[in-house]
Amino acid sequence: MKGVIASLMAIVLAQFLKVPIKGLKTGAWDWNRMFSSGGMPSSHSAGVTSLATYIGLKLGIRSLDFALSIILGLIVMYDAQGVRRQAGQTAIKVNELEKRIDQLNGDSKGPMHDQKDIQIKESLGHQPEEVFGGAVLGLLVGLFTYFANQNKD
């Protein structure tokens with residue numbers, strides 16, 4: 001159960017850190033970033049890495065649990081920066097295409113583009129450095145959680 005807590009802590013911390021990191025970069029502090037996908041650091045990577053770290057320290061790196069957590073973690077991280085990022089880039093193109101079609105039809109500011117729920121979500125995946133940043137955060141949270149609970153078991 002403590003491994004799950006470590007993972008959830010890493011996810012929440014990563015989502016929280018997205019606000020100041022993006023704020024320092026753009027100058028706009030948008031607290032809605034806490035509840036959105038994409039951005040630095042990857043909460044997916046942070047969650048799976050903290051879980052794998054905790055399991056590796058608790059049960060050993062030769063355990064089946066650790067092996068499973070590593071393999072599933074790698075799949076999640078690959079998906080976060082590969083498949084989901086490509087889906088986000090496709091969404092950008094679809095939204096641009098829809099806007100361009102409206103412009104060609106003479107309706108450059110049509111109601112479709114003013115409604116956010118109509119447009120496809122564009123920020124889905126991560127850049128490789130965001131995945132790496134999440135993995136580093138997850139490693140640190142996993143280490144902290146393990147050593148903080150070492151004497152309590």
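Met1 is found in the segment that precedes helix H1. In this predicted model, Met1 has a relative accessible area of 74% and is therefore exposed. Met1 also belongs to a nonpolar surface patch, together with Val4, Ile5, Leu8, Met9, Ile11 and Phe144. Helix H1 supplies the largest share of the patch, with five residues.

The mean pLDDT of the protein is 84, and 85% of the residues score at least 70. The highest confidence is found in H2, at 96, and the lowest in helix H4 (residues 83–104), where the mean is 73.

Four aromatic pairs are present in the structure. One of them is formed by Phe16 and Trp31, whose ring centres lie 6.0 Å apart with 40 degrees between the planes, a tilted arrangement. This pair links distant parts of the chain, the two residues being 15 residues apart. Phe16 lies in helix H1 (residues 2–26), whereas Trp31 lies in the loop between H1 and helix H2 (43–59). Phe16 has a relative accessibility of 37% and so counts as partly exposed. Trp31, with a relative accessible area of 45%, is likewise partly exposed, since that class covers values between 20% and 50%. A second pair consists of Tyr146 and Phe147, with ring centres 5.1 Å apart. The planes of these two rings stand at 75 degrees, so the pair is edge-to-face; the cut-off for this class is over 60 degrees. The two partners of this pair fall into separate accessibility classes: Tyr146 is buried, at a relative accessible area of 14%, whereas Phe147 is partly exposed, at 48%. Ring pairs also join Trp29 with Phe16 and Trp31 in a cluster.

A further local feature concerns Ser63. Ser63 is located in the loop between H2 and helix H3 (64–81). The relative accessibility of Ser63 is 13%, and the residue therefore counts as buried, the limit being under 20%. A polar atom of the Ser63 side chain lies 3.1 Å from the backbone nitrogen of Phe66. This distance falls within the 3.5 Å used for a polar contact.

Terms used: Residues numbered from 1 in each chain as written. Predicted model: local features only at pLDDT ≥ 70, side-chain atom pairs only at ≥ 80, totals over all residues. Heavy atoms only, no water. Phe/Tyr/Trp six-rings, centres within 6.5 Å; stacked < 30°, edge-to-face > 60°. Helix = DSSP H or I, 4+ residues; strand = E, 2+ residues; numbered from the N terminus. Buried < 20%, exposed > 50% of the residue type's maximum accessible area, 1.4 Å probe, protein only. pLDDT = per-residue confidence, 0-100. Patch = residues over 30% accessible without salt bridge, like charges linked within 9 Å, V, L, I, M, F, W, Y side chains within 5 Å. Areas by Shrake-Rupley, 256 points an atom, 1.4 Å probe, with all protein chains shown as cover. Salt bridge = Lys/Arg side-chain N within 4 Å of Asp/Glu carboxyl O. Polar contact = N/O pair within 3.5 Å; in protein donor to acceptor, adjacent residues only side chain to side chain.
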